[in-house]
Amino acid sequence: MTPGKKRLNYSYYPGCSLHASGREYDISTRALFKALNVGLKEVPDWFCCGATPAHNVDELLSLSLCAKNLSLAEQVEGDLAVACAACFSRLKTTQHHLKEDEEKRKQVETAIAGPAALDKPVKHILEILAREFGLSKLEESVKKPLLGLKVASYYGCLLTRPPEVPELDDCEDPSIMEDILRALGAEPVKWSHRMECCGANFTLSRPGVVLKLSNAILESARLAGADCIMVACPLCHGNLDIRQKEIKDAYGAPDSTLFGNIFGSELQQGAPKDQRDLPVFYITQLAALAMGVPSGNLGFESVITDPKPLLREKQLL
Amino acid sequence: MKNKLMHLSNETMNVGFVKKVEALSGSSVRRCFQCGKCSAGCPMSAFMEHPPNRIVRLLQLGQGQRVLAGRSIWYCASCETCTTRCPNKVDLAGIMDALRKLSWDADGPSKESYVQLANRLFIENIRTYGRQYELRLGAAFNMKSGQFLKDLMLGPKLISKGKLKMFHSKNKNIGEIEAIFKRIEEMRKKGEAL
Ligand code: SF4
Ligand code: SF4
């Protein structure tokens, strides 16, 4: 830390997933911030932000739940750090809407019986790492560069859309995840599906939709030569990691050994599909690994698609 | 339905419905000039009988019932691609939210009851626990949708990986959440909110 410069400190809204199915995102976020000596203090008694279901059918409820959380966050000093892309989107959307719409703001303030904290800066951990902590400092802090690791950065929907809400990066061609990867010494691959939807919350009601959309994402990452995928959202992680085996079962390799035998390896039009497992990492897991945090502290045991063989192969374990 | 001849008259055009959609979403439907950019980028349009641009067109023609009768609105993933790309600043994702709310309020002529069921359980969980209780969400969904075997193999795996918690503690200030639900219901009863 440069003398005279204040240590960065954030209040922290983990959201429901990070306390359950996305627990490794929470664990690794805390580990990373500790390694970088950046303060992180959880907002006491935060509520569910309502995620997609609440705004899908009741915008006023969704805005009120988020406004309540923003006012709870006021109790803790520092800008509000959010890791989940969906929570981040809902909290920012609430501030954006309520600043623009006086009438809605009044309704929400009646619902939560108090003022909404519209000026509490809400920040996704990507922007905290890349802009506030800073890429060059991040690079300097690396103890174990992720050399030779080819990573497909997956942005998904809500980190950048609609542009006036998250204000995170270009809404059609962002680069913040790739920038961070480069600082960590990894190799970001160029690929086509970094912003295509994974099916998000249809995972409960319409898993078939998730399998179809997520299959296209995994295919595209394999085609680009990625060893793994990096995400910044527990929903994306769930769809791409937890359902990977099901996706393979549903969209597995076409049995084309016949063509392979007849035409030889170069001409295999219907060649067996590349079926490699693609471990799906949270940004914080990769970053913490590069900072020298022991892999045992990053929640890898909770992941379904085992990342350890890949990490061993790249001598990162 | 989509190829049926449509007769437009003052009787068939439900302008009041469209006004409600515009009020709820804060977005005009009249601004749309049917370029189709929203539908071109929509990841879910393949699952919809009316892709996003046609939904706006139907609204322009006062055909709200046609929109609600289909499953399109329940197959929108709220990905915001349409809103981001529309050259006329039509907030289609917001319009989708408004349409779902109106369908929900009418207890849905929608055919997409699984999505509604999942939403309903999710919101119930917030009211009861303050936070999501994913195990209960999954279990309740499977019970109520009659899909007892769905994701059966995934469940134990997720529990053993620590991804689904067996027990859940309520938020300490759960009363405040209940108060928010109550106040919103009150406001709606008094006509102070849509
Ligand atoms: S992108 Fe906008 S203007 Fe174009 S069809 Fe869709 S709603 Fe209409
Ligand atoms: S928000 Fe809905 S309608 Fe718009 S592009 Fe995404 S899935 Fe399609």
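Hi everyone, let me start with the ground rules. The model is predicted, so to speak of local features we need pLDDT of at least 70, side-chain atom pairs count only at pLDDT 80 or more, and totals for chains, interfaces and linings use all residues. Residues are numbered from 1 along each chain as its sequence is written, chains are lettered from A and ligands numbered from 1 in the order in which they are written, and side-chain values use heavy atoms, with hydrogens and water left out.

Let's begin with chain B. Which elements does chain B have? It has ten helices and zero strands. Here helices (H or I, at least four residues) and strands (E, at least two) are DSSP runs, numbered from the N terminus. Of the 194 residues in chain B, 53% are buried. Buried means under 20% relative accessible area, exposed means over 50%, and partly exposed is in between, with a 1.4 Å probe and protein chains only.

Now the ligands. Ligand 1 is surrounded by 13 residues, and the closest are B:Cys32, B:Cys35, B:Gly36, B:Cys38 and B:Cys86. To be near a molecule, a residue needs a heavy atom within 4 Å of it. The shell around ligand 1 holds eight nonpolar, four polar and one charged residues. For these classes, Ala, Val, Leu, Ile, Met, Phe, Trp, Tyr, Cys and Pro are nonpolar, Asp, Glu, Lys and Arg are charged, and the others, Gly among them, are polar.

Around ligand 2 there are 13 residues, and B:Cys42, B:Cys76, B:Ala77, B:Cys79 and B:Cys82 come nearest. In chain B, α5 (81–85) and α6 (92–105) are the elements that give two or more residues to this shell. By class, the shell around ligand 2 has ten nonpolar, two polar and one charged.

Staying in chain B, look at B:Glu80, in the loop between α4 (64–69) and α5. Its phi is near 70°, a positive value in a residue other than glycine. Why do we count B:Glu80 as buried? Because its relative accessible area is 15%.

Over in chain A, A:Asp45 also has a positive phi, near 55°. A:Asp45 sits in the loop between β2 (39–42) and α2. With 23% relative accessibility, A:Asp45 counts as partly exposed. Chain A has a cis peptide bond too, from A:Arg161 to A:Pro162, with omega near -15°. You will find A:Pro162 in the loop between β5 (150–153) and α7 (176–183). For background, most residues other than glycine have a negative phi, and most peptide bonds are trans.

What does the record say about chain A? An unreviewed UniProt entry lists residues 11–91 and 151–241 as "domain: Cysteine-rich". The positions are in the numbering used here, feature names are shortened, and annotations may be inferred rather than shown by experiment. Residues 11–91 are 52% helix and 14% strand, with end C-alpha atoms 14 Å apart. For residues 151–241, the figures are 41% helix and 10% strand, and the end C-alpha atoms are 15 Å apart.

Next, A:Gln95, in helix α4 of chain A. A:Gln95 counts as buried because its relative accessibility is 7%. Its side chain reaches two backbone oxygens: that of A:Ala117 at 3.2 Å, and that of A:Lys120 at 2.8 Å.

On a 1 Å grid over the protein atoms alone, a cavity is a set of points where a 1.4 Å probe fits but cannot get out; a pocket is an open set with protein on both sides within 12 Å along at least five of seven lines; and lining residues have an atom within 4 Å of a point. Points are joined across faces, edges and corners, and a volume is the space filled by probe spheres set on the points.

The second largest pocket holds about 700 Å³ of space. It is lined by 33 residues, and those closest to its centre are A:His97, B:Ser25, B:Gly26, B:Thr83 and B:Asp91. Its lining has ten nonpolar, ten polar and 13 charged residues.

How many cavities of 30 Å³ or more are there? The count comes to four. The largest cavity has a volume of about 160 Å³. Among its 17 lining residues, A:Cys157, A:Leu158, A:Ala200, A:Cys233 and A:Cys236 lie nearest the centre. That lining has 14 nonpolar, three polar and no charged residues.

Terms used: A polar contact is a pair of N or O atoms within 3.5 Å; within protein, one must be able to donate a hydrogen and the other to accept it, and residues adjacent in sequence count only if both atoms are side-chain atoms.
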